[in-house]
Amino acid sequence: MGRLLGRIARLYRDIKGYVRILDAKSIARRMFVTNSFDGLLSALGVVLGSFIGGVTNPISYVGSVVGASFSMGFFSGFVATYLSERAERLRELRKTERVMAHPLRGSVYEKAAKMVPLYVALWSGIGAIALPTIGISPFIVAAFAGVKAPIPMLVYASAAIMVAELFMLGVYLGKVSGENVLVSGARLALIGLAAVAFFTLVSLVR
């Protein structure tokens, strides 16, 4: 067990070094925020759309959101990001080899070019899966913990959590850009609130 933890610690240190070499932290950050935003809005649409459609089983909400989030997070967020980032990094590696007129096989740069895409893809996938799943936690509690609650209450509790997550994403972006964090947070939260208002209006007039 200790040997395994040691290997994991060394791998973690190596990856951190590779990320610094290729300056990949900003790319991973962008992919995380972008896929978190897309995942939250998709999950919000699924929850509100299911509610308008008359779905009354909490498990159905959980299955729909988790299924969509996993599909987006794994296939698009992780696999597609890994393949595209790997292609770009290997392209840069080959270009560097041509400029240097020397192969870089086995070098730290080559190892970085192969490991960094995994790092970026991991954060990309986490963004698309983790935040939407947290957003439907009221339904998860209702479905698997035996907590009885009206579906409308679960819907709006879930929507409130997702809007709060959008706000925190905006705050994070504000910190990165040096802008007013409250304004930046409100900017993303308003998008979520607009979606809630639209679906609420549709539910009233249908």
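Predicted model: local features only at pLDDT ≥ 70, side-chain atom pairs only at ≥ 80, totals over all residues.

Biologist: Then why is F75 called exposed?

Modeller: F75 comes out at 53% relative accessibility, so it counts as exposed.

Biologist: How many aromatic pairs are there?

Modeller: Six. Rings of Phe, Tyr and Trp (its six-membered ring) pair if their centres lie within 6.5 Å; planes under 30 degrees apart count as stacked, over 60 as edge-to-face and the rest as tilted.

Biologist: What makes Y61 and F139 a stacked pair?

Modeller: Their ring centres are 4.4 Å apart and their planes sit at 15°, so the pair is stacked. The pair also links distant parts of the chain, 78 residues apart: Y61 is in helix α3 (residues 58-100) and F139 in helix α5 (residues 137-144). Helices here are DSSP runs (H or I, at least four residues), numbered from the N terminus. Both Y61 and F139 are buried.

Biologist: And why are F74 and F75 called edge-to-face?

Modeller: The centres of those two rings, F74 and F75, are 5.0 Å apart but the planes are at 85°, so edge-to-face it is. F74 and F75 also belong to one aromatic cluster with F70 and F78.

Biologist: On to charges: how many salt bridges does a search of the whole structure find?

Modeller: Two. A salt bridge is a side-chain nitrogen of Lys or Arg within 4 Å of a carboxyl oxygen of Asp or Glu.

Biologist: How do you know that E85 forms a salt bridge with R89?

Modeller: The closest N and O atoms of E85 and R89 are 2.9 Å apart, and the cut-off is 4 Å. Both residues, E85 and R89, lie in helix α3, four residues apart, about one turn of the helix.

Biologist: What about R89 and E92?

Modeller: Those side chains, R89 and E92, meet in a salt bridge too, at 3.4 Å from N to O. That links E85, R89 and E92 in a network of salt bridges.

Biologist: Is R89 buried or exposed?

Modeller: R89 has a relative accessible area of 5%, so it is buried. E92, at 31% relative accessibility, counts as partly exposed.

Notes. Residues numbered from 1 in each chain as written. Heavy atoms only, no water. Helix = DSSP H or I, 4+ residues; strand = E, 2+ residues; numbered from the N terminus. Buried < 20%, exposed > 50% of the residue type's maximum accessible area, 1.4 Å probe, protein only.
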